[in-house]
Structure formats: C-alpha cells, structure tokens
Amino acid sequence: IFPASTGLSSFRDAGYRDTSMAIAELIDNSIQAGANTIRVITLDEIEHGPVRSRSVVSKIAVYDDGEGMSKDTLEFCLGFAQGTRLNSRKGIGRFGVGLPLASISQCKKVTVYSWQEGAKPLMTYLDIDEVVRDKQNYTNAAVEADIPEHFHALIKDFVSDKGTLVVWE
C-alpha cells in the first residue's frame, strides 16, 4: 500500500514524540509477555565538541525475562500490523505496531534479541537507512546471535532461559 522507505520516514515523524512514552510501550510488551524482571539500560558515549565534551546516550535497551519470541514471531515483530494479538481485547496490545513504531520514533536502528527454553538467542533488526538505501520491503530474517557483551554484562544477573532484549541505537 505504501513504499517502505517513505512510509517509515513518515511513521518516524508521526510516532511517539517522548522517549519515556516509547519506552513505556516496550515495557507494556514485557508485561504482556509475562515478565517478572524488566530492565531499562542506557549506554553513554563522550561527544567531543569544540569547547567542551559531554556525555550523550548512544543506546537504549529494554530487557525482560518474559516468554520470549519464536523464530516466526521474531521475524515479523518489526513489521507493522503483524502482531500476535491483532484485535484481541485481552491484554495491553492489539494492533501490532507498538514495538516498531515506538522504536523508529526514537532511533534509526532497532535490534531485537529473543530466546526461549534456554536456546541460543535469535536476532533481527530494522535499520531505516538500510531500508531506504536498499529499497527494502520485507523484514529481516531471524538469525542466531550472541547478546552484545556490553549488554550481557549489565543483565547477566537477571537473564533467564527465556527473554527479550530490544536495543535502540
């Protein structure tokens, strides 16, 4: 119905204006997934300016120990209107746009890691620059991937045999 590259740019401008509301969307997803532990993580970098340096948030991540996603679900979780609870009146979400819309409103690249039953994490991502450059119209496949060490170090005390980590950069 619309070209992905221009559609995503429009969604990005029309999405969540406030970072806290976008993060709340991810937390809602964690609650819906039955999480007992939810962690919001920020990574800072030093930005050197002509007069002074300052610390800026370079990445935001939300980790939960909820049910995790199957490979099939992970492969469409960053697509629009493709959720697992479409039009369901049970629970919080029902339109299948929360994760991708909240994410692209705050960043140009979102990566999702998810695992179930102690299996190795699977990963997929949405990179707006890549979509525009490559005229991409489909979500990326889910592939086995390790959680990046800097995040793993911050969540290792909470990681269970199932869960999800969403990274905005």
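## Overall make-up

Six helices and six strands make up the secondary structure of the protein. Helices here are DSSP runs of H or I with at least four residues, strands are DSSP runs of E with at least two, and both are numbered from the N terminus. Reading from the N terminus, the elements go α-α-β-β-α-α-β-β-α-β-α-β.

A word on where this comes from: the model is predicted, so to speak of a local feature takes a pLDDT of at least 70, side-chain atom pairs count only at pLDDT 80 or more, and totals for chains, interfaces and linings use all residues. Residue numbers start from 1 along each chain as its sequence is written, and side-chain values use heavy atoms, with hydrogens and water left out.

Of the 169 residues in the protein, 39% are buried. Buried is under 20% relative accessible area, exposed is over 50%, and partly exposed is in between, with a 1.4 Å probe and protein chains only. As for contacts (heavy atoms within 4.5 Å), take those with a separation of 6 or more: residues 24 or more positions apart account for 64% of them.

## The sheet

The six strands build an open sheet, ordered β1-β2-β6-β3-β4-β5, with antiparallel pairing. Two strands count as paired if DSSP finds at least two bridges between them. At the edges sit β1 (38-48) and β5, each of which pairs on one side only.

A hairpin of four residues joins β1 to β2, and these two strands pair in the antiparallel sense over 11 bridges. Within that pairing, I46 is opposite S55 in β2. On to β2 and β6: this antiparallel pairing runs over five bridges. There, A61 faces V167 in β6, and Y63 is opposite L165 in β6.

## Helix α2

Helix α2 (residues 19-32) lies across β1, β2 and β6, and runs at about 20° to β2. Axes are lines fitted to C-alpha atoms, for helices over the stretch in contact, and the angles go from 0 to 180 degrees between N-to-C directions.

Which residues of α2 are buried? They are A22, I23, E25, L26 and S30. These residues cover an arc of only 145° around the axis, so they sit on the same side of α2; the arc is that of the directions from the helix axis to the C-beta atoms. An α-helix has 3.6 residues a turn, so residues three or four places apart point the same way. The buried residues of α2 pack against β1, β2, α4 and β6. After α2 comes G34, with a positive phi near 80°.

## Helix α4

Helix α4 (residues 98-106) also packs on the sheet, where it touches β3 (109-115), β4 (122-127) and β6, and its direction makes about 30° with that of β6. α4 is mostly covered, with eight of its nine residues buried. The buried ones are G98, L99, P100, L101, A102, S103, I104 and S105.

## Salt bridges

How many salt bridges does a search of the whole structure find? The search finds five. The cut-off is a side-chain nitrogen of Lys or Arg within 4 Å of a carboxyl oxygen of Asp or Glu. In general, side chains of opposite charge can pair when their charged atoms come close.

Another joins E169 and K59 at 4.0 Å, N to O. This pair links distant parts of the chain, 110 residues apart: E169 is in the segment after β6 (163-168), while K59 is in strand β2 (residues 53-64). E169 is partly exposed, with 36% relative accessibility. Then there is R133 with D134, whose closest N and O atoms are 3.1 Å apart. R133 is exposed at 57% relative accessibility, whereas D134 is partly exposed at 46%.

## A loop residue

Y138 lies in the loop between α5 (128-134) and β5 (143-144). Is Y138 buried or exposed? Y138 is exposed, with a relative accessible area of 69%. From C-alpha to C-alpha, Y138 and L78 are 9.7 Å apart in space and 60 residues apart in sequence.
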